[in-house]
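Try each task before you read its solution.

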Amino acid sequence: MARRAAPQNTVPGLFGAPPPRRVIHDPNESAFSRFLREEIWAPEKLPGNISIVTGAAVFAAGIFATRTWGDILVPA
């Protein structure tokens, strides 16, 4: 049974077209809040930010576990 290809320039059925990006121009916005809005909370950058936070949390948990139970791990 042959597989039929989808028409050109179509998106998969499970995903819709991405929503249009909102552009916010606030003259009173500080550079720090603009950085947070554009780099931290931006929907297209959120998966990467979550993976960075997960890696840092696993690293910190490893240090905590080693400092707490490290004497059990090393044979005397």
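A salt bridge here is a side-chain nitrogen of Lys or Arg within 4 Å of a carboxyl oxygen of Asp or Glu. This is a predicted model, where local features need pLDDT of at least 70, side-chain atom pairs count only at pLDDT 80 or more, and totals for chains, interfaces and linings use all residues. Residues are numbered from 1 along each chain as its sequence is written, and side-chain values use heavy atoms, with hydrogens and water left out.

**Exercise 1.** Find which residues are linked in a network of salt bridges.

*Solution.* 
- Step 1: Start with Glu29, whose side chain meets that of Arg37 at 2.9 Å, N to O.
- Step 2: Move on to Glu38, which also bridges to Arg37, with 3.9 Å between the closest N and O atoms.

**Exercise 2.** Decide whether Glu29 and Arg37 are buried, partly exposed or exposed.

*Solution.* 
- Step 1: Recall the cut-offs: buried is under 20% relative accessible area, exposed is over 50%, and partly exposed lies in between (1.4 Å probe, protein chains only).
- Step 2: Glu29 has a value of 18%, so this residue is buried.
- Step 3: Arg37 has 24%, so this residue is partly exposed.
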